[in-house]
Amino acid sequence: MEEKILIVDDQFGIRILLNEVLQKEGYKTFQAANGAQALEITKKYAPDLVLLDMKIPGMDGIEILKRMKVLDPNIRVIIMTAYGELDMIQEAKDLGALTHFAKPFDIDDIRKAVKDHLPVKK
């Protein structure tokens, strides 16, 4: 069974890049450009891991993370931020985010983090 990864970012280029890299690794990917799409996909497909950008117009990453945790308290989330906003990173970690990446990120670091943080399938 392939692991499901949800990529949430308002930047089309980043979604496409992550989508391509993660599909090549054998994961089933979903993409969301905003919070509403992200929550809909979370409800419908229960992703194993979420790559979540913090700076999204409308509903920001913190709000999306809070709502995802309501839907699934055990959801696994890695946050991405283009800004060195330590308070936002800390808040996300307090809410249960596993780790974070600053943009621009090294795609190999993301690939490794995804492997490290996916739950082991039995």
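A residue is called buried here when its relative accessible area is under 20%, exposed when over 50%, and partly exposed in between (1.4 Å probe, protein chains only). By that rule Asn 19, at 12% relative accessibility, counts as buried. The structure is a predicted model, in which local features need pLDDT of at least 70 and side-chain atom pairs count only at pLDDT 80 or more, while totals for chains, interfaces and linings use all residues. Residues are numbered from 1 along each chain as its sequence is written, and side-chain values use heavy atoms, with hydrogens and water left out.

We can begin with the sheet. Helices (H or I, at least four residues) and strands (E, at least two) are DSSP runs, numbered from the N terminus, and two strands pair if DSSP finds at least two bridges between them. Five strands build an open sheet with parallel pairing, in the order S2-S1-S3-S4-S5. Its edges are strand S2 (28-32) and strand S5 (99-102), each of which pairs on one side only. On average, neighbouring strands of this sheet are turned by 20° against each other, direction ignored; axes are lines fitted to C-alpha atoms, for helices over the stretch in contact, and angles run from 0 to 180 degrees between N-to-C directions.

Strand S1 (residues 4-8) is joined to S2 by five bridges and to S3 by four, running parallel in this second pairing as well. Leu 6 stands opposite Phe 30 in S2 and opposite Val 50 in S3. Further along the sheet, S3 and S4 pair in the parallel sense over four bridges, with Asp 53 opposite Met 80 in S4. S3, H3 and S4 together make a right-handed β-α-β unit; right-handed means that, with the strands pointing away from the viewer, the path from the first strand over the helix to the second runs clockwise.

Why is S3 largely enclosed by the rest of the structure? Five of the five residues of S3 are buried, so the strand is largely enclosed. In a regular strand the side chains alternate between the two faces of the sheet. In S3 both faces are covered: Leu 49, Leu 51 and Asp 53 are buried on one side, as are Val 50 and Leu 52 on the other.

Next comes the nonpolar interior. A nonpolar core is a set of buried Ala, Val, Leu, Ile, Met, Phe, Trp, Tyr and Cys residues joined through side-chain atoms within 4.5 Å. The largest core has 23 residues, of which Leu 6, Val 8, Val 50, Leu 52, Ile 64 and Met 68 touch the most other members. Two or more residues come from each of S1, S2, H2, strand S3 (49-53), helix H3 (61-71), strand S4 (77-81) and helix H4 (86-94). H3 gives the largest share, four residues. Another core, of 16 residues, lies apart from it and includes Leu 22, Ile 78, Ile 110 and Val 114.

Contact means heavy atoms within 4.5 Å, and the contacts below leave out residues up to four places away in sequence. Leu 6 touches, among others, Phe 30, Ala 38, Ile 41, Thr 42, Val 50 and Met 68. Helix H2 (residues 35-45) lies across S1 and S2 and runs at about 150° to S2. Thr 42 lies in this helix and is buried, with a relative accessible area of 5%. Its contacts include Leu 6, Met 68 and Ile 75.

On helix H1 (residues 12-24), which holds Asn 19, a polar contact links the side chain of Asn 19 with that of Thr 29 (2.3 Å). Such a contact is a pair of N or O atoms within 3.5 Å; within protein, one must be able to donate a hydrogen and the other to accept it, and residues adjacent in sequence count only if both atoms are side-chain atoms. Asn 19 also touches Ile 7 and Gln 31. Arg 67, found in helix H3, is partly exposed at a relative accessible area of 39%, and touches Leu 39 and Met 59.

Two backbone details complete the picture. Most residues other than glycine have a negative phi, and most peptide bonds are trans. Ala 46, in the loop between H2 and S3, has a positive phi of about 45° although it is not a glycine. The peptide bond from Lys 103 to Pro 104 is cis, with omega near -5°, and Pro 104 lies in the loop between S5 and helix H5 (107-117).
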